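Here is a short tour of a two-chain model, written to be read with the structure open beside it. Let us start with one term and then walk through each chain in turn.

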Amino acid sequence: MDLGSILQYLVSGLTVGSTYGLTALGFTIIFNATRVINFAQGEFVMLGGMLAVFFAGALNLGVFPAVLLAVSCTTLVGVCMERLTIRPVQGANVVNIIIITIGVSIFIRGVVMLFLGKDTFSLPPFFGTEALEFFGAMIIPQSIWILLITMLVLVGLRTYFNKTIFGKAMLACSFEQKAAHLVGISVDRMIMLSFAISALVGSIGGVILTPITLTSYDVGIMLGLKGFAACILGGLGNPFGAAAGGLIIGVLESFGAGFISSAYKDAFAFIILLVILFVKPSGIFGRADIERV
Amino acid sequence: MLVLKNIDVFYGKVHAVKKVSLHVDQGEIVALIGGNGAGKTTLLSTISGLIRAGRGQIVFEGREINRQKPDKIVKSGISQVPERRLVFKPLSVEDNLLLGSYHRYSLGRSASIGRDVEEIFAMFPVLGERRNQPAGTLSGGEQQMLSIGRALMAKPRLLLLDEPGMGLAPAISQMIFRHVSKLRDELGATVLLVEQNARSALKISDRGYVLETGRVIVQGTSKELMQNNDVQRAYLGRDAGESGR
């Protein structure tokens with residue numbers, strides 16, 4: 001167990017963990033606006049990667065235009081999902097809406113399989129292919145891109161929710177929906193916006209990882225579940241916790257695969273999920289609500 | 001200013017408000033009193049657009065508003081201070097006020113909003129002292145002030161107040177009622193006040209309506225209502241024989 005391999009596992013864990021974190025953020029944003037767990041979140045992540053591959057190949061675009069187009073299309077899919085499947089059942093029980101999101105995820109997966117096939121695809125790296133050596137670990141430039149883009153998304157979301165009136169209005173919808181209506185916030189529009197932002201963040205997570213781990217029509221299931229595990233680990237509803245949870249799961253998974261056995265790689269995320277649910281269901285960063293009656 | 005004509009509201013199969021007609025004129029404080037489940041809150045929710053009236057007409061400043069969504073109604077000049085205050089607890093006091101003026105942001109006229117926040121702090125100094133504290137850490141009375149301040153930030157011409165005294169110590173509740181009459185006297189606000197505490201409500205209002213199981217059973221000036229035998233017996237806790245005040 002030398003320093004080189006520890007570093008190597010750490011970097012690859014953080015790389016994959018970034019995508020888990022972004023997936024988890026997507027869950028958090030919709031949950032905060034609606035109290036619904038959107039089980040189609042993993043499909044947003046898959047769509048980001050698959051559409052980028054499609055646009056790069058079929059339309060012969062460069063990586064950057066393909067990525068931008070893929071992320072915009074996925075955002076649009078998020079908006080359509082809200083308009084077509086969530087808004088018509090407004091006021092329905094949260095559990096029913098969650099089941100609808102599972103239906104949407106199966107539908108999206110099916111459509112992608114039908115049109116893009118069951119093959120596994122890859123994207124060329126965004127910029128630079130030569131790995132850098134760093135204390136005996138080989139770091140590919142894409143890893144650095146992933147970490148940078150994830151940081152940017154986090155800073156962007158933080159600014160949006162803490163500094164802009166629209167971000168605060170979106171939080172207001174989650175804290176006290178009736179009062180949000182009464183101060184003139186269009187709650188419908190905020191819910192739609194939350195789906196758009198979730199799809200945007202999720203697809204960014206999917207597209208940045210594709211040059212490293214490959215993609216296919218069904219990667220959304222596993223990514224979605226691990227993103228969900230990251231949410232629970234960080235405390236459901238806490239954006240900071242979601243991002244941190246994703247990174248932690250990514251790193252633990254990577255160390256587990258490296259030092260124990262790669263056969264159990266996927267199991268680690270779910271072992272963590274179960275342990276957290278037994279030991280501290282509010283998550284490691286979960287806080288008790290401030291309440292005064 | 002506000003006219004309700006023959007309003008019927010249904011909650012599922014429950015007929016919560018039955019053929020209610022009432023009006024509020026510019027500069028008045030009108031009290032709507034009645035016990036639990038009389039339909040007072042339902043009526044305010046209907047005016048604010050949270051619930052659709054089954055039948056009837058709601059006219060505000062000459063325009064019919066009963067098919068409009070809540071955000072449009074706020075824009076047209078009606079703000080509500082909801083029952084149980086409903087402040088955004090995890091957000092700061094200042095953010096709560098800023099959100100009160102949300103519809104003015106969407107119109108792109110945000111320049112004066114900062115000044116308005118300071119005006120609210122001048123009206124309720126205790127809120128100014130706690131501007132960066134989460135609203136959930138305020139006391140009940142302070143939360144009520146914040147909820148009123150938040151509604152005022154929308155620059156309403158008509159203010160709907162739902163049980164502002166509920167759950168507050170009598171002294172605090174009296175102070176809130178004094179603030180409400182100051183709003184009218186100093187800012188020229190028009191207020192529709194819903195209250196279970198009939199005495200406090202009638203003391204500061206010009207006219208009143210008594211609601212019972214969804215119907216208006218008595219209406220008149222506040223003075224008349226204070227002296228009405230039925231109202232005294234049912235809502236002011238007095239024997240009919242005892243004389244007023």
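A residue counts as buried if 20 or more other C-beta atoms lie within 10 Å of its own. By that criterion, buried residues make up 49% of the 293 residues in chain A. Please keep in mind that this is a predicted model.

**Chain A**

Chain A has eleven helices and two strands. Along the principal axes, the C-alpha atoms of chain A fill a box of roughly 60 × 45 × 35 Å. As for its contacts between residues at least 6 apart in sequence, 77% join residues at least 24 apart.

**Where the chains meet**

Which residues bring the two chains together? The contact takes 18 residues from chain A and 25 residues from chain B. On the side of chain A that touches chain B, α6 (165-175) and α7 (177-182) of chain A each supply at least two residues. The largest share of that side, six residues, comes from α6(A). Sorted by class, the side of chain A that touches chain B looks like this:

| Class (side of chain A touching chain B) | Residues |
|---|---|
| Nonpolar | ten residues |
| Polar | three residues |

**Chain B**

Now turn to the sheet. Strands of a sheet pair through backbone hydrogen bonds, either parallel or antiparallel. In chain B, four strands form an open sheet in the order β2-β1-β4-β5, with antiparallel pairing. Its edge strands are β2 (14-24) and β5 (63-64) of chain B, each of which pairs on one side only. Strand β1 (residues 2-11) of chain B pairs with β2(B) in the antiparallel sense over seven bridges. L2(B) has V24(B), in β2(B), as its bridge partner.

Helix α1 (residues 40-48) of chain B lies across β1, β2 and β4 (55-60) of chain B, and runs at about 70° to β2(B). Is this helix buried or exposed? Eight of the nine residues of α1(B) are buried, so the helix is largely enclosed by the rest of the structure. Those buried residues are K40(B), T42(B), L43(B), L44(B), S45(B), T46(B), I47(B) and S48(B). Just after α1(B) comes G49(B), which takes a positive phi of about 85°.

Key. Residues are numbered from 1 along each chain as its sequence is written. Chains are lettered from A and ligands numbered from 1 in the order in which they are written. This is a predicted model: local features need pLDDT of at least 70, side-chain atom pairs count only at pLDDT 80 or more; totals for chains, interfaces and linings use all residues. A residue is buried if 20 or more other C-beta atoms lie within 10 Å of its own, exposed if 12 or fewer, and partly exposed in between; C-beta atoms are placed from the backbone. Two residues are in contact if their C-beta atoms, placed from the backbone, lie within 7 Å. Ala, Val, Leu, Ile, Met, Phe, Trp, Tyr, Cys and Pro count as nonpolar, Asp, Glu, Lys and Arg as charged, and the others, Gly among them, as polar. Two strands pair if DSSP finds at least two bridges between them. Axes are lines fitted to C-alpha atoms, for helices over the stretch in contact, and angles run from 0 to 180 degrees between N-to-C directions.
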